[in-house]
Amino acid sequence: MNASRLPAGGTALALTLVLALAGCAGAPASDRTVTVFAASSLTGVFADIAELDPTLDVRFTFDGSSTLVDQLAGGAPADVLATADEATMARATQASLVEPEPTVFATNAGVLIVPAGNPAGVTGLDASLDGTKLVVCAPTVPCGATARALADAAGVALAPVSEEQKVTDVRGKVASGEADAGIVFATDATAAGDAVETIVLDPDGRFATRYPVAVVAGSANAETAHAFIDLVTSDAGRVVLAEHGFGTP
Amino acid sequence: MTVPMPASGGAGRPRWLFVPAVLAVLFLAVPLLGIVARVPWADVPALLTTRSSLDALGLSLLTCLVATAISLALGLPLALVLARADGRLAGLVRTLVTIPMVLPPVVAGLALLITFGRRGVLGAPLAVLGIEVGFSTVAVVMAQVFVAMPFLVTAVEGALRATGTGVEGAAATLGASPTYTLRRVTLPLLAPSIAAGGALTFARALGEFGATITFAGSLQGVTRTLPLEIYLLRELDTDAALALALVLIVVAGLTVAATGWLSRRTVRRSAP
């Protein structure tokens, strides 16, 4: 009796294993893989959004938007492209690197940040900035262009003590208290946490940069790519975007 | 700095040495020639005479000259003292002085910021007195002195140790005071190494980037030196960046060549 039972149990076990393995091989796991090329500023937020759907196997490459488009043009295998501005996405659309009509899923507005406690008493883009140390991005960098547009709209001429190449350098100089105020994107202000206080400059997002996302043309995983974009634009996705400081259209 | 070379080249040296030697030259020279080849020569005059380029060039030359002068004023005495000092304290000072040479520039900038920044150890009391160096041309010079002065100290101290104390001892025996010996014996003997060390200091200050951008910021005509201007233009206007890079290479090359010429001349003149 015992002798015959053992093999029977063993067979059952083996069968279970085989079924399980077959289940793994044929299951959504391989179908649901998607490679996402995204702008560096999306690093934190996209990782969090991907966690919303555990059945998706998302592989990220984060880099400057221009670099990503260059890589796509060079034949890099990706399924989704998300850029930090519409001009760069337009370059990808015109070259037929992505499917037409990208979806704008987030906006990022310029804000004024001051060190915690606001030692210089800055109240906005106004006379309170006179005699203070203001740091902005160089006009040739996106955050600098936004700062200039906001200043023009407010009718003030900015007199910064430094024009940085990187938005993170602006944030660092304000967070350390070396500068009295700086103009950065809302997401940078959020990332700085308690080290800075934020003064909203553009509540309607009129001068905000817009982040488009599109499926890469000829993607082998187009269906999953669309599923990822649906996730980003879902209500849950919008909540995560807002947590990171992004606006949602 | 100048090592006496045997008159006939190759005497007593195995021929195979030339293979790695040529490789070394190629590795160092080809990237420089690469820039020269890519420079848009026809546009260079226009690219170099823009307001921002001229501002960056002028600021770089001014700050580097001041930084070299400060390095000479402070670094030369330090080298003279260190060369005649032995013991644990001298060793410690020597190590401390050498560290900025091998430090990543960003770390140098952070160190300066933590010390002289508004909330820094020395910067905070100074700020109370109304003295703030951040975002000023003074900050640029400080960053340059911090990374470049060690080159002067090391070069001059090395030369002093190599020459020994024989001549100075003789002068003292003949009744010369220490200051007289320093002025009439030590310094003239050291002139080539001082020139070489000074040029090295100038060249290092000219290339200073990381500490400047961390500590001084970047504003046209105030803190944006040539390397910072090149960094800013790099992504936007490669041609302009290359034209400015060429200026940096030419100025650095002239500085080093002038040192070589100067020190050879001094050696010949002082030779018996």
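The bend at a residue is the angle between axes fitted to the seven residues ending there and the seven starting there. In this predicted model, local features need pLDDT of at least 70 and side-chain atom pairs count only at pLDDT 80 or more, while totals for chains, interfaces and linings use all residues. Residues are numbered from 1 along each chain as its sequence is written, with chains lettered from A and ligands numbered from 1 in the order in which they are written.

Helix α7(B) covers residues 137-163. Helices (H or I, at least four residues) and strands (E, at least two) are DSSP runs, numbered from the N terminus. A kink of about 35° occurs in α7(B) at A148(B), shortly before the proline P150(B). Of the 27 residues of α7(B), 20 are buried, so the helix is largely enclosed by the rest of the structure. A buried residue has 20 or more other C-beta atoms, placed from the backbone, within 10 Å of its own.

Chain A holds an open sheet of five strands with mixed pairing, in the order β7-β6-β8-β5-β9. Two strands pair if DSSP finds at least two bridges between them. β7(A) and β9(A) stand at the edges with a single partner strand each, so one side of each has no neighbour in the sheet. Strands β6(A) and β8(A) run parallel and are joined by two bridges. Here V135(A) stands opposite G182(A).

The contact between the chains takes 13 residues from chain A and 13 residues from chain B. Residues are in contact if their C-beta atoms, placed from the backbone, lie within 7 Å. On the side of chain A that touches chain B, β7(A) gives the most, with three residues.

Terms used
Two residues are in contact if their C-beta atoms, placed from the backbone, lie within 7 Å. The expected span of a helix is 1.5 Å times one less than its number of residues. A residue is buried if 20 or more other C-beta atoms lie within 10 Å of its own, exposed if 12 or fewer, and partly exposed in between; C-beta atoms are placed from the backbone.
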